[in-house]
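User: I would like to learn how to read the features of a structure one by one. Could you take me through an example?

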Number of protein chains: 2
Amino acid sequence: MTTTADRAGRPGSTEGLRRQNTSLVLRSLRQLGPATRAELAKRTGLAKATVGVIVAALEAADAVTELERTGSAVAARGRPGVPVALSGRRFLALGLELNVDYVSVAVLDLTGTVRLSASRPVTGPGDVSALVALARWARAEAVGEAHDLVAAGVAVPGLVRGDNRTIAWAPNIGVTGESLAAAVEDALGCPVRVSNDANCAAYAEAHHGAAVGVAHALYLTGTVGIGAGIVDRGELVRGGAGFAGEVGHMPIGDSTARCGCGRQGCWEASIGLHAVLARVGMTEVETPLATAALLAGRADREPAVVDALAEVGHSVGLGLAMLASVLDPEVVVLGGFFVPLGERVLAPARAALDARLAAPAQVRPELRLSTLGIQAAALGAAEQAFSRVFAGDVELA
Amino acid sequence: MTTTADRAGRPGSTEGLRRQNTSLVLRSLRQLGPATRAELAKRTGLAKATVGVIVAALEAADAVTELERTGSAVAARGRPGVPVALSGRRFLALGLELNVDYVSVAVLDLTGTVRLSASRPVTGPGDVSALVALARWARAEAVGEAHDLVAAGVAVPGLVRGDNRTIAWAPNIGVTGESLAAAVEDALGCPVRVSNDANCAAYAEAHHGAAVGVAHALYLTGTVGIGAGIVDRGELVRGGAGFAGEVGHMPIGDSTARCGCGRQGCWEASIGLHAVLARVGMTEVETPLATAALLAGRADREPAVVDALAEVGHSVGLGLAMLASVLDPEVVVLGGFFVPLGERVLAPARAALDARLAAPAQVRPELRLSTLGIQAAALGAAEQAFSRVFAGDVELA
DNA sequence: GACTTTCGTTCGAGTCTCGTACTTAATGAT
DNA sequence: ATCATTAAGTACGAGACTCGAACGAAAGTC
């Protein structure tokens with residue numbers, strides 16, 4: 001059992017202090033954009049001299065670069081400062097996703113720019129060798145000899161333990177244990193962390209997508225199953241074993257609906273892809289997203305489909321009401337097959353949510369659609385790989 | 001809107017480093033008990049010399065004391081060390097609870113010992129002057145001139161904003177805004193933080209009660225309403241506005257049950273005190289706890305009551321299944337009127353929970369009864385007041 | 001061209017942690 | 001009894017870091 005003693009328990013040396021302040025500068029540059037040293041001092045509260053030293057070290061490590069002074073700048077009074085920005089020249093992070101019908105990869109640089117992003121369909125579920133091949137290809141393509149790969153992350157649809165390594169249960173891809181982490185580590189030669197796909201996607205939306213800068217966000221993904229990722233105070237809520245966010249089998253919606261898990265009344269059985277298709281008498285095509293796009297097309301012509309989607313939206317809203325009561329997020333992002341369905345699901349979900357808000361003082365969380373699409377999980381995995389840098393746990397040198 | 005930039009954003013000086021390491025030593029003493037300087041060095045990873053300096057400073061501030069060498073110690077080889085322990089001599093924290101039918105107070109010293117604990121019934125709901133009087137009395141009684149009051153906390157049944165000051169909505173006590181915080185601050189002359197009562201109780205259980213040392217715990221309180229407190233990684237999950245844990249009005253259980261809030265199907269309408277009493281045809285006596293004790297007595301004689309409580313337990317389990325899916329706690333603590341009802345509710349709740357666990361890999365969270373009773377919230381408020389000390393945010397001097 | 005304003009750096013002072021060496025206090029062997 | 005051994009706690013100097021003040025540099029303004 002995890003105890004509170006684990007947490008926050010490392011001794012701090014002066015070197016640690018340096019890392020801490022360095023990460024403060026890095027975060028400031030990442031979140032608030034380029035700035036002169038003087039501006040950075042104001043932003044961070046550090047002394048001008050300290051910022052100077054830190055920036056010099058970062059510059060030497062090729063983590064930041066001085067920008068050309070923009071001629072269009074407002075003519076200020078004194079000596080103009082030279083803006084410093086994060087540099088994408090050296091440090092990269094890599095994110096992978098191993099899913100049922102595809103594998104994908106994203107490479108991110110320190111500035112947050114996506115350097116490479118690709119998906120490939122796979123024939124069988126849980127094709128680890130395809131993932132490793134994709135990883136190797138991405139490494140050769142985007143990283144090469146000129147860059148340093150800081151770390152990598154792998155997103156999987158399944159339960160991953162709190163060690164960010166061990167897959168406890170992932171029936172859809174049929175991979176368990178630490179073998180996946182080991183295989184990818186071997187292929188890339190850098191530290192690898194495995195995470196749940198919804199958690200990764202949530203992290204991605206909170207850093208790049210529809211919920212940028214939001215500290216308390218909830219991400220709901222719809223594929224065949226339903227999964228959630230929870231961001232509280234900017235950090236993922238993982239739970240005791242690392243299994244938080246497994247919302248697909250909560251008893252919500254139609255209590256008679258049979259679920260693939262063998263029980264009745266699971267949320268997934270009301271709003272999962274198969275449930276939606278059953279409602280409108282449609283069969284699945286290649287991917288959930290393609291299927292949903294087709295469905296959205298039909299909704300333009302058939303009022304019955306609109307009604308069916310409204311019912312789905314209602315169940316979505318009911319579940320979100322539950323989650324909002326528990327977690328009080330500022331923004332809820334819907335991903336997966338919900339994106340093509342758009343307002344047809346969102347609007348009734350909002351209505352159901354409004355009807356279910358606990359207190360007058362409580363504000364309905366904003367419902368948004370994912371902007372990252374299928375790349376969300378891989379992107380989030382990459383961003384998570386950088387998180388240790390921005391947290392000051394690891395040094396750029 | 002809160003953004004991620006708020007978090008973790010203070011610059012670190014060498015002085016801050018010192019505070020950080022000092023808090024590391026304090027936490028080690030609090031969680032793992034007294035230890036010699038050498039043992040502390042091993043526990044924390046700090047150098048022996050550093051621990052010596054830190055302990056000397058803490059001793060000078062009367063925050064720790066050297067213990068008499070226990071004669072019964074195993075005869076070790078070299079020079080025996082002198083154990084150092086947290087001292088209760090100087091620093092105290094005070095916790096208050098303002099509730100519908102009572103106010104209560106708890107005073108805690110640095111060692112975690114409860115120095116004073118008292119409850120008083122009040123005539124009208126939200127009797128702020130009674131709370132202030134109790135606070136003054138406790139200050140005179142337990143703090144006096146000999147001690148330093150580090151900080152205080154107030155627990156209230158209602159929605160408190162993330163600033164830990166502003167009450168946004170608390171219909172049961174009819175107090176809103178910052179007036180309560182100001183009144184208590186004025187009476188005590190130390191910083192005051194206001195929090196939700198369930199959050200405080202959860203914090204108390206995680207530090208003193210049924211979930212000591214558990215990093216991921218969920219607390220469920222039953223009074224007239226139902227509320228939850230969420231502990232993740234040892235810290236309270238507050239949500240965007242600070243309203244996380246408002247689980248009473250989630251749509252769970254009997255979907256036709258009418259709730260006091262005007263809607264149907266709220267969890268509270270199935271497992272709240274009034275719902276339970278209605279099931280067995282009983283009326284409320286003075287307090288929820290007394291009522292539940294009476295009810296437990298009836299259950300010894302009347303099988304129908306046992307059945308009714310089993311139904312309640314089932315609904316409790318259903319809701320906990322939901323919460324466990326979302327949050328994955330290691331331990332769930334039930335408080336309030338659930339305590340007297342004990343296994344009569346717990347056992348069916350466990351059964352319902354087992355039937356609803358999402359994945360085979362998922363372990364059912366342990367269900368326990370609160371051990372702190374009515375004092376939980378006040379105790380948690382006091383403990384929270386100390387949290388800034390143990391986090392290294394504030395110095396003992 | 002002198003003045004003002006602001007940026008970035010230099011430098012010395014002050015803190016803090018750390019490793020080493022040293023002193024102290026106990027046990028166990030001779 | 002005496003001395004080696006073992007381990008705890010302390011003293012001290014080295015090294016790292018941040019900070020404020022002072023200073024030089026690079027603009028615009030009068």
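User: Which element gives the largest share of the surface near DNA strand D?

Analyst: This is a predicted model, in which local features need pLDDT of at least 70 and side-chain atom pairs count only at pLDDT 80 or more, while totals for chains, interfaces and linings use all residues. Residues are numbered from 1 along each chain as its sequence is written, and chains are lettered from A and ligands numbered from 1 in the order in which they are written. A residue is near a strand if its C-beta atom, placed from the backbone, lies within 6 Å of it, and helices (H or I, at least four residues) and strands (E, at least two) are DSSP runs, numbered from the N terminus. Here the largest share, five residues, comes from α1(A).

User: Which residues come nearest to DNA strand D?

Analyst: Ala49(A), Arg79(A), Arg37(B), Gly78(B) and Gly81(B) come nearest, of the 29 residues around DNA strand D. Two or more residues each are given by α1 (14–32) and α3 (48–60) of chain A, and by α2 (37–44) and α3 (48–60) of chain B.

User: What is the strand order of the open sheet in chain A?

Analyst: Two strands pair if DSSP finds at least two bridges between them. In chain A the five strands follow the order β6-β5-β4-β7-β10, with mixed pairing. Because β6 (114–121) and β10 (192–196) of chain A stand at the edges with a single partner strand each, one side of each is left without a neighbour in the sheet. Strands β4 (residues 91–98) and β5 (residues 102–109) of chain A pair in the antiparallel sense over seven bridges, and Leu94(A) stands opposite Val107(A) in β5(A).
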